[in-house]
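Please look over the sequence and model shown here.

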There are 2 protein chains.
Amino acid sequence: MGEKVIPDIVVGRLPIYLRALQRMHEENRKVTSSQELGERLGISAAQIRKDLSQFGEFGKQGTGYSIEYLAEQINQILKVDRVWDIAVIGAGDIGSAVARYQGFANRGLRVAMIFDSDPSKVGTQVGTFTVQDSRNVEEVIREAGIQIAMIATPSQTAQSVAEQLINAGVKAILNYAPINLTVPDEVRVQYIDPVIHLQRMTYYL
Amino acid sequence: MGEKVIPDIVVGRLPIYLRALQRMHEENRKVTSSQELGERLGISAAQIRKDLSQFGEFGKQGTGYSIEYLAEQINQILKVDRVWDIAVIGAGDIGSAVARYQGFANRGLRVAMIFDSDPSKVGTQVGTFTVQDSRNVEEVIREAGIQIAMIATPSQTAQSVAEQLINAGVKAILNYAPINLTVPDEVRVQYIDPVIHLQRMTYYL
């Protein structure tokens, strides 16, 4: 870690390994192997060993990996051994569903606030949150020191929302709006668009 | 096309190109270049040209691509020049949001039905759909000839739901449950888990 630059594609597989390890841990399993992980995930055992070796030595030849230890190590590598607050922008169907999503718990993430520009939504409840006015996004996020946001606005406003977020100090954006964002190099963007995933499969039908 | 096997990673970029082309088309643009597409998408122009060349000749050196023509061609390649019906399993927050999502229109996809196992949800309305009883999933999907499904159930039931879907003839599954599915080789699965995307970014914070 530290000095060596790890390819982003490798970093991108770590959360998948972590999710599988956490599930094994919930199943009260103690030890696993790159073979077993690979079979669960449809990734070759050699790939998994190679990926993990980029970050250190986590298992012994022949004895496999301690599930708890390896999960802890990946938690640290991904910096989810703490809890990151997330701001959600857009309180429509998707934003509301994401704000109420229970799956962030124990995975180092927590929705902390939700915003919308529609006056009829501002002040209403979404799960445990009161929808805040989008006009205050920059100020509120800067003050809270939040670095992670999810954009669930219409496509037309996603770019300008992203710019406000970045001004407020956000460094990581998960964008549900079906449009590519232009951001400075130091800001990371990931995309969720079900159509992109579905069209990748219709090709094979 | 046809005989040559195209790497799935290349197939996976086509929907992203298509989305950008459709947006340009909405902006009344006529012609684009691999350079411009690349800048919009953060992909190199050379990569885009190489990807497209796997499927045919879509532009002329120096004059660029006709946006409408290239979009039509990619629509055909991805088989979204028709409309595919999709079944949604799970009428919780995520399933309901996806069933009501407006973003499938004009992209070759349409939600056709939604199921839930909770008797208090069966018979209620989600958007324009009446929630159907999950016990009838296999029969209803087989009869409708549906090949694409989205799973938005709790993790614990996702695998058994997938097996029912596959029995019913489903060949492509978009899984929102945060668990890896085990499926036969001829079935495609894609995953949407916001935590996986977010943890890929926390690494860099």
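## Salt bridges within chain B

B:E36 and B:R29 form a salt bridge, with their closest N and O atoms 2.9 Å apart. A salt bridge here is a side-chain nitrogen of Lys or Arg within 4 Å of a carboxyl oxygen of Asp or Glu. B:E36 is partly exposed, at a relative accessible area of 22%. B:R29 is also partly exposed, at 26% relative accessibility. Buried means under 20% relative accessible area, exposed over 50%, and partly exposed in between (1.4 Å probe, protein chains only).

A second bridge joins the side chains of B:D51 and B:R13 (2.6 Å, N to O). B:D51 lies in helix 3 (residues 45-53) of chain B and B:R13 in helix 1 of chain B, so the pair ties together parts that are 38 residues apart in sequence. Both B:D51 and B:R13 are buried. Helices (H or I, at least four residues) and strands (E, at least two) are DSSP runs, numbered from the N terminus.

## Basis of the model

This is a predicted model: local features need pLDDT of at least 70, side-chain atom pairs count only at pLDDT 80 or more, and totals for chains, interfaces and linings use all residues. Residues are numbered from 1 along each chain as its sequence is written, chains are lettered from A and ligands numbered from 1 in the order in which they are written, and side-chain values use heavy atoms, leaving out hydrogens and water.

## Chain A in outline

Chain A has eight helices and eleven strands. Its C-alpha trace spans about 60 × 45 × 35 Å along the principal axes. Of the 205 residues in chain A, 52% are buried. Contact means heavy atoms within 4.5 Å. Among contacts in chain A between residues at least 6 apart in sequence, 54% join residues at least 24 apart.

## Two copies, one axis

Chain B can be laid on chain A by a turn of 180° and a shift of 0.0 Å along the axis, with an RMSD of 0.0 Å. That is the relation of a two-fold axis. The superposition is by least squares on the C-alpha atoms of residues with pLDDT of at least 70 in both copies.

Through which surface do the copies meet? Of the interface residues of chain B, 100% are also interface residues in chain A, so the copies meet through the same surface.

## The interface

In this interface, 58 residues of chain B are in contact with 58 residues of chain A. Chain B and chain A bury about 6,000 Å² between them, 62% of it on carbon and sulfur atoms. In chain B, the residues B:R200, B:Y203 and B:L205 lose the most area to chain A, together 13% of what that side buries. Buried area is the accessible area (1.4 Å probe) that two parts lose on being put together, summed over both.

Eight salt bridges are counted between chain B and chain A. Several elements of chain B each supply at least two residues of the side that touches chain A, including helix 1 (8-26), strand 4 (84-89), helix 5 (93-100) and helix 8 (194-202). One of the bridges joins the side chains of A:R200 and B:D8 (2.9 Å, N to O). Over all chains, the salt bridges number 25. Bridges that share partners join A:D8, A:R188 and B:R200 into one network.

## A buried pair across the interface

The side chains of A:R107 and B:D193 meet in a salt bridge (2.9 Å, N to O). This pair crosses between chains, from the loop between helix 5 and strand 5 of chain A to the loop between strand 11 and helix 8 of chain B. A:R107 is buried, with a relative accessible area of 8%. B:D193 is buried too, at 2%.

Leaving aside neighbours within four places in sequence, A:R107 is in contact with A:R19, A:Q22, A:V80, B:P178, B:D193, B:V195, B:I196 and B:Q199.

A nonpolar core is a set of buried Ala, Val, Leu, Ile, Met, Phe, Trp, Tyr and Cys residues joined through side-chain atoms within 4.5 Å. The largest one holds 98 residues, of which A:M150 and B:M150 touch the most other members. Not counting residues up to four places away in sequence, B:M150 touches A:L198 and several residues of chain B, among them B:I86, B:V98, B:F104 and B:Y176.

The buried residues of helix 5 of chain B are B:G95, B:S96, B:A97, B:V98 and B:A99. Their cover includes helix 5 of chain A, together with strand 4, strand 5, strand 6 (125-126), strand 7 (129-130) and strand 9 of chain B. B:Q102 lies in the loop between helix 5 and strand 5 (109-116) of chain B. B:Q102 counts as exposed, at 67% relative accessibility.
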